[in-house]
Amino acid sequence: MNITSKKVDSTEMLLNPLKKEYFIESFWEKKHLVLRRKNPNHYSNLISRQILDFIISHAKLKYSQMRLAKNQSQSCPVTKLQEGGMIFLDYNDVPSVNQLYSSYAQGETLIVKQIQDYYQPLAKFCLELEEFFHHPVSINSYLTPPHSQGFDAHFDNHDVCILQIDGSKHWRIYGSAVDLPLVDDNSPIPKEILDNPVEEVHLKAGDLLYLPRGVVHEAWTTNVSSFHLTVGIHVFRWADLITEVITSLSRQDVRFRASLPIGFFDSEKEDPIQNKLLELTKIATDQVKAKVGVSQLKKHLIDKMNPLADGHFSCLDLVDNITLDTVVARKQGMICRVAIEGEGEGEGEGVVIQFPGNQVSAPLYLELPFQFIASQDKFPISAIPDILSNNSKLVLVRRLIREGLLTIVKL
């Protein structure tokens, strides 16, 4: 009895016909990319304008979950003009669909934030991209009427892939205002950048535009409207890894937890502080373990991921029927992290396997079975390391099915 379906490679859908390796080597964080496919249906399995209309009409989105933008550098809450001036509506208000129709008719771009939270194919697409990039991914949708512009020239603090779903949009791409900006970077755009665009691109349905973070750009529609998705890749930086490593080291070594000297702002204390900083930096360099920081970043990624709705209730009905010959698999999008609980504070008291939406703690002797499960796409239950008895293997798999990590492929 087969329960699961074949997995589609979302990264190939995103970049086809470009090879993933070539994209990483030649474009990632380096320069923009335009893919003109001449296939308006390339992204038709992801979403359509009709699905967007349904989401807007029935999801009861609050103003905090969407934006309306028109010729501005940043999106803002929906506003209305009344006698006496402009009023700002409450973020918790839910606009009627007719209000949104009216705003669109007046030339405003309608933005749905985190649209993957409202539509399963996009949620699946997002999860699979996170499996590839190992960086958090989110998707916003943009619906722009004809002869309109949502935003002035600006740059994003995260990498973006623009997927043209329907209609068309004209893009003007400039140089980088800041090379690989930080999350909170709001540097002004130099005039000389805006005076010298690098390229102008007219995206049609099925096309893709990749923009590294920091690249200045603007876009507008001509005589037809536009519906596109912006896939945002919110990268972990080397600075983030270093921060996690130092934080982990601080839990183990009291010298990193000691306070700076009282009155350390005074200039005469500058030399002692510099010397102590160099001393701690050397200690950190001697003891640094990249895998500790990588593990923490993996934890942060998994914490943000949501499991897919995949009919798992039907699988739960069959959990008591499994045998050692049953083939099971990690559910789609189930990135796993196995870690020793209390690691760095002794030998550790137990082991945890973390996955989107949940985690399971167990005695330390289950580390090897957990590592095996985390590394396998699918496997017969009998293949779990023989550190466990046959009965214990069944007990463990039943628990991991009930907790949402594993699914049954074949009874």
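Cys 315 is buried, with a relative accessible area of 2%. Here buried stands for under 20% relative accessible area, exposed for over 50%, and partly exposed for what lies in between, with a 1.4 Å probe and protein chains only. Before going on, note that this is a predicted model, in which local features need pLDDT of at least 70 and side-chain atom pairs count only at pLDDT 80 or more, while totals for chains, interfaces and linings use all residues. Residues are numbered from 1 along each chain as its sequence is written, and side-chain values use heavy atoms, with hydrogens and water left out.

Let us stay with the cysteines. How many disulfides does a search of the whole structure find? The search finds zero, where a disulfide is a pair of cysteine sulfur atoms within 2.5 Å. In general, a disulfide is a covalent bond between the sulfur atoms of two cysteines. For Cys 315, the closest cysteine sulfur belongs to Cys 336 and is 15 Å away, which is too far for a bond. Cys 126 is buried, with a relative accessible area of 5%.

Charged side chains come next. The structure holds 17 salt bridges, each a side-chain nitrogen of Lys or Arg within 4 Å of a carboxyl oxygen of Asp or Glu. One of them joins Lys 299 and Asp 303, with 3.1 Å from N to O. Where do these two residues sit? Both are in helix 9 (residues 290–304), and because they are four residues apart, about one helical turn separates them. Helices (H or I, at least four residues) and strands (E, at least two) are DSSP runs, numbered from the N terminus. Lys 299 is partly exposed at 27% relative accessibility, and Asp 303 is partly exposed at 48%.

Another salt bridge pairs Asp 377 with Arg 330, at 3.3 Å from N to O. This pair links distant parts of the chain, 47 residues apart: Asp 377 is in the loop between helix 11 (367–375) and strand 16 (378–380), and Arg 330 is in strand 12 (residues 327–330). Asp 377 counts as exposed at 61% relative accessibility, whereas Arg 330 counts as buried at 16%. In a further pair, Asp 386 and Lys 393 form a salt bridge whose closest N and O atoms are 2.6 Å apart. Asp 386 is exposed at 65% relative accessibility, while Lys 393 is buried, with a relative accessible area of 1%. Salt bridges also link Glu 29, Asp 159 and Arg 213 in a network.

Now turn to His 217, in strand 10 (residues 215–220). Is this histidine buried or exposed? His 217 counts as buried, at 4% relative accessibility. Its side chain makes a polar contact of 3.4 Å with the side chain of Asp 156. A polar contact is a pair of N or O atoms within 3.5 Å; within protein, one must be able to donate a hydrogen and the other to accept it, and residues adjacent in sequence count only if both atoms are side-chain atoms. A polar atom of the His 217 side chain also lies 2.9 Å from the backbone oxygen of Val 215. Leaving aside residues up to four places away in sequence, His 217 touches several others, among them Asp 152, His 154, Trp 171 and Leu 211; contact here means heavy atoms within 4.5 Å.

Finally, the backbone has some points to look at. A cis peptide bond, with omega about 10°, joins Asn 16 and Pro 17, and Pro 17 is in the loop between helix 1 (10–15) and helix 2 (20–26). Lys 38 is not a glycine, yet has a positive phi of about 55°. Lys 38 sits in the loop between strand 1 (33–35) and helix 3 (49–58) and is exposed, with a relative accessible area of 82%. Gln 114, also not a glycine, has a positive phi of about 50°. Its place is the loop between strand 5 (109–112) and helix 5 (120–133), and Gln 114 is partly exposed at 35% relative accessibility.
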